[in-house]
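Look at the sequence and the 3D structure below. The report that follows takes up a few local features in turn.

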Amino acid sequence: MDYKILLADQLAAHVEGIGRDQLADLIEYPPNPQMGDLSLPCFKLSKQLRKAPQAIAEEIKTKWQPQGAFASVDAVAGYVNVFLNKAAFAESVISEVLSKKDRYGSQNIGNGRNIVIDFSSPNIAKTFHIGHLRSTMIGNAIYNIFQYEGYNCIGINHLGDWGTQFGKLIVAYKNWGSEAAVEAEGIDELQRIYVKLHDEAETRPELEDEARAWFVKLEQGDEEALKLWKWFVEISLKEFQKMYELLGVRFDSYAGESFYNDKMAPVLDELKQKNLLQEDDGALLVRLEDYNMPPALMVKKDGGTLYHTRDVTAAIYRHNTYDFEKAIYVTDAGQSLHFQQWFKVIELMGYDWAKNLQHVPFGKVSLEGAKLSTRKGNVIRLEELLTQAIDKTRDIIEQKNPNMENKEEVARKVGVGAIIFNDLSNNRVKDVVFSWEDALNFEGESGPYVQYTQARACSILRKANGSDSNELPAHTGTLNPAKLENAEAVAVLKEIYLFAERVEQAMNKLEPSIVSRYLVDLAQSFNRFYHECPILNVEDPELRAARLALVKCTQITMVNGLRLIGLEAPEKI
Ligand code: ARG
């Protein structure tokens, strides 16, 4: 039930000329429960109604008789403060969570419509670094959230698997590579020989020409070149796949840049036909100075295509294939101009769906302290980061709970979860400073804190059942929600109630951190309840049953939220 709409519906009858939706938009949840559970500020209505805010509030108070879900009303300082009927509220929240279970919080907004999400998209033969982790986790959370809301999501890993760098890699391999070293060391070895080529080319520029020639061969389908390229892709994908498995991420398509090789020519023809392509010193580009942007380069002097060419082609292909309502691209904010440029090209081609293309940028990650810098260079390898997180979590578990079963599995779920959560806990465009202490702080605003709270709820339920089951134990008589009237319990109920609204906001703003922050709020209010209110050791069986139901509803909501942002919810920590 949406209480804002319910209230707006009732109040609208008493405020002339103002519609329900306008009122619903104005209604707030006051920060302090003494100011009501819902509140309508009348300041914005003042002009329209030609009355002072307090006069409006008082008029509403006199005319409106609270009933059903609402218990009483107050008019204070220009606000209409409304108090809920706590028993009815508890009843409705609990029955909704218990009946919807793993669907609780979903409103099925999408109705099966298609959303394309381009995320992760690492580059072949290059390290999977912490920036790709952000794209992977933000993209994955956005995918889960849209899917939860009933959209049909198509997750695409637009692999960077084409471009002049492959000519270089072939030359490097032919000069300094060995099959055994590449098989053994994978991307690290490919990266090593690639860097070596760059260094050597400083004194031997002919290497660059060789590399260009090999790329041309590759584009023309030369057998040897293709064989090597395929092998580089295979070696890299094997490593990426390991990361995805650890992170619990999957894609519906791995159509990378090379997938568009045979699809670019018709798009270039179309651009020509539409008079958008201009020649500039042998290259072909789309001028964008009218839009205050540098031109989008489509074909290089030597005939080669570019990142732009492949993105424009891919978007047209995806629109034809998936008829999407929205296509989302998750990359670092450094690529914003690139996306603005080619979105404009699509618009200039006359496609009105250009407005449905959306870049979802995110900020950089830096590390606190020097210790985290890696063996090689200054890119942070994701694999190392995750391995360290798992090791550190194992140490913490070893101290906290040395007799735990499945230590290894829990260390993986919590360690990986800590990294993911840390990545998603701030507004995505903000730069993140990574700190082990914050990420792994079981008491702070962290993934482990939320996971630990969820496990605590499971443990209460297990104790109540006297078994390994997390289900709500059967109780005699009907559930009496009126027993949940104390402030701590109401605060938890209110948080649980807010979940659906938060998920919808996270979806509309493409901002998974709304869900992460929500989970911290829910965990905090649950822990306050847990510390203040005995659950298992109470005499009154109705009170015990009602509190256990609240525990179960919290646990369900937490699991749903954790899954949305890509975290597992271990039952025992
Ligand atoms: N491969 C690119 C990178 O590593 C990201 C690709 C994003 N997707 C796209 N359609 N341009 O930065």
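Does D281 count as buried or exposed? With 6 C-beta neighbours inside 10 Å, D281 counts as exposed; the cut-offs are 20 or more other C-beta atoms within 10 Å for buried, 12 or fewer for exposed, and partly exposed in between, with C-beta atoms placed from the backbone.

## Basis of the report

This is a predicted model, in which local features need pLDDT of at least 70, side-chain atom pairs count only at pLDDT 80 or more, and totals for chains, interfaces and linings use all residues. Residues are numbered from 1 along each chain as its sequence is written.

## Two residues with positive phi

Most residues other than glycine have a negative phi. D281 is not a glycine, yet its phi is positive, about 50 degrees. D281 sits in the loop between β6 and β7. Here helices (H or I, at least four residues) and strands (E, at least two) are DSSP runs, numbered from the N terminus.

S121 is also not a glycine and has a positive phi of about 45 degrees. S121 lies in the loop between β4 (114–118) and α6 (130–148). S121 is buried, because 22 other C-beta atoms lie within 10 Å.

## A sheet of three strands

Strands of a sheet pair through backbone hydrogen bonds, either parallel or antiparallel. In this model an open sheet has the order β6-β7-β8, with antiparallel pairing; two strands pair if DSSP finds at least two bridges between them. The edge strands, each pairing on one side only, are β6 (277–280) and β8 (296–299).

β6 and β7 (residues 283–286) are joined in the antiparallel sense over four bridges. L277 has V286 in β7 as its bridge partner.

## Around the ligand

The ligand is surrounded by D118, S121, P122, N123, H158, G160, D311, Y329 and T331; a residue is near a molecule if its C-beta atom, placed from the backbone, lies within 6 Å of it. By class, this shell has two nonpolar, five polar and two charged residues. Ala, Val, Leu, Ile, Met, Phe, Trp, Tyr, Cys and Pro count as nonpolar, Asp, Glu, Lys and Arg as charged, and the others, Gly among them, as polar.

## Helix α20

Helix α20 (residues 513–532) has 20 residues and should span 28 Å, the expected span being 1.5 Å times one less than the number of residues. The end C-alpha atoms of α20 are 29 Å apart, which agrees.

Buried residues of α20 include S513, I514, Y518, L522 and F529. Among the elements that cover the buried residues of α20 are α16 (407–424) and α21 (541–564), where contact requires C-beta atoms, placed from the backbone, within 7 Å.

Technical notes: Two residues are in contact if their C-beta atoms, placed from the backbone, lie within 7 Å.
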